[in-house]
Amino acid sequence: MGEIGPYLAVFIIQLIYSGMTLLSKAVFNGGMKTSVFVFYRQLIGAIVMVPLALIFERKQAVPVTFSFMTIFKIFMLSLLGITLTLNVHGLALSYTSAMLAAAIVNCLPASTFFFAVLLRMEKVNIRTKSGISKIGSVLLCMAGVAILAFYKGPQLQVHHLLSRYHHNNQQHEDHFSYDKKWILGSLLLFLATIMWSLWLVLQAQLLKSYPSKLTFMSIQSLSSAIQSFFVAIAFERDIEQWKLGWNMRLLAVVYCGTLVTAVAYYLQALVIGKKGPVFPATWNPLSFIIATIGSVLILGETLCLGSVLGGILLVLSLYTVLWAKSKEGITHQNSLPIQAYKECADQVKTDVACSKPPQ
């Protein structure tokens, strides 16, 4: 990569992530069940990742030992951090908006720090500026989520392009009112972020004793595909919901399973190797901006003052915790699981450990 390369790469990454959020929301508005979507997405992701693990880690000098306990831990980790998180996130996205889902991502570093402190993987000194900033980032995160969930404010409706999907979503309103769905969806988005944060912290511990990172994530992806199938079959028995066809549903699952899993995660690994782990995270608000514009102009979602204010607080939370980490030295061994990003960059990496939260 040249001097411009990392900047171009992170811009493409944010475009891909924004497209993932918008496409997911569009197919949910069109009536696709979230559990079926998650299964297809994970299935395609596993099809992509397993061969990559076989290719790039086949000749590793360190032999991989598979014990029952190791497989069990990876399986349960996949259940918590991928299968359940993606299903909760998908359900929340169907209740809320692409803009809100993109905004909540900025809460990830603060929530991850919170769990890292609870599990004694992270230390905080309230007598230092960095320690106060970390605590402040958690408070900003909670305030942002509260505003997103409970305050709407003035609305601005802009003409949308995908009118059929937007109107279908309105026709599928059930006994929940729109406001109740929005509050429930906001809380579910926050829950998904908490689950993802806990997954990062627990994964960081397990990765210390597991030599093959790509194989590790491939097993998680395959486990998640199997788990997602049983979740989907339990909640959706209508065979028509499982049919994709040559439509936006097929585009969305292929996009998420290939472009996000392979291209975005690979570019992210290259950027981390060139610029370090903090650089990509500082660009996360860009996906919030792109998703906001796309959700209003393309999906026809309503832009509310509360969403803007809440998103700003979450962005401030992100930069506050990143500033605190930069003051402490981000390469310290006891830093957040973001340290695992650097390890991912040492090999051709396409795993979820180097990703944003599922969207």
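Trainee: What should I know about the model before reading any number?

Mentor: Because this is a predicted model, local features need pLDDT of at least 70 and side-chain atom pairs count only at pLDDT 80 or more, while totals for chains, interfaces and linings use all residues. Residues are numbered from 1 along each chain as its sequence is written, and side-chain values use heavy atoms, with hydrogens and water left out.

Trainee: How many helices and strands does the protein chain have?

Mentor: Helices (H or I, at least four residues) and strands (E, at least two) are DSSP runs, numbered from the N terminus. By that rule the protein chain has 14 helices and two strands.

Trainee: What share of the residues in the protein chain is buried?

Mentor: Buried means under 20% relative accessible area, exposed means over 50%, and partly exposed lies in between, with a 1.4 Å probe and protein chains only. Of the 359 residues in the protein chain, 56% are buried. Helix α5, residues 108-118, has eight of its eleven residues buried, so it is largely enclosed by the rest of the structure; among the buried ones are Leu108, Pro109, Phe113 and Phe115. After α5 comes Arg120, whose phi is positive, near 60 degrees.

Trainee: What percentage of the contacts in the protein chain between residues at least 6 apart in sequence join residues at least 24 apart?

Mentor: Contact means heavy atoms within 4.5 Å. Among contacts between residues at least 6 apart in sequence, 87% join residues at least 24 apart.

Trainee: At what angle do α1 and α3 pack?

Mentor: Axes are lines fitted to C-alpha atoms, for helices over the stretch in contact, and angles run from 0 to 180 degrees between N-to-C directions. Angles under 35 degrees count as roughly parallel, over 145 as roughly antiparallel, 65 to 115 as roughly perpendicular and the rest as oblique. Helix α1 (residues 5-29) and helix α3 (residues 68-95) pack at about 70 degrees, with their axes 9 Å apart, and they are therefore roughly perpendicular to each other. On the α1 side the contact is made by Thr21, Ser24, Lys25 and Phe28, and on the α3 side by Gly90, Leu93 and Ser94. For the classes, Ala, Val, Leu, Ile, Met, Phe, Trp, Tyr, Cys and Pro count as nonpolar, Asp, Glu, Lys and Arg as charged, and the others, Gly among them, as polar. The contact of α1 with α3 then has two nonpolar, four polar and one charged residues.

Trainee: Which handedness does the crossing of α1 and α12 have?

Mentor: A crossing is left-handed if the near helix is turned anticlockwise from the far one by less than a right angle, and right-handed if clockwise. The crossing of α1 and α12 is right-handed. The axes of α1 and helix α12 (residues 284-297) come within 9 Å and cross at roughly 45 degrees, and the two helices are therefore oblique to each other. The α1 residues in this contact are Phe11, Gln14, Leu15, Ser18 and Leu22, which face α12 residues including Leu286, Ile290 and Ala291. An α-helix has 3.6 residues a turn, so residues three or four places apart point the same way. By class, the residues of the contact of α1 with α12 divide into six nonpolar, six polar and no charged.

Trainee: Where do α3 and α9 meet?

Mentor: The axes of α3 and α9 come within 8 Å and cross at roughly 60 degrees, which makes α3 oblique to α9. This crossing is right-handed. Among the residues that meet are Ile71, Phe75 and Asn87 in α3, and Phe216, Gln220 and Val231 in α9. By class, this contact has nine nonpolar, eight polar and no charged residues.

Trainee: Is Asn87 buried or exposed?

Mentor: Asn87 is buried, with a relative accessible area of 13%. Not counting residues up to four places away in sequence, Asn87 touches Thr34, Ser35, Val38 and Val231. Phe235 of helix α9 (residues 213-235) counts as exposed, at 66% relative accessibility.

Trainee: Which backbone atom does the side chain of Ser97 reach?

Mentor: A polar contact is a pair of N or O atoms within 3.5 Å; within protein, one must be able to donate a hydrogen and the other to accept it, and residues adjacent in sequence count only if both atoms are side-chain atoms. The side chain of Ser97 reaches the backbone nitrogen of Leu100 at 3.2 Å. Ser97 lies in the loop between α3 and α4 (98-104) and is buried, with a relative accessible area of 3%.
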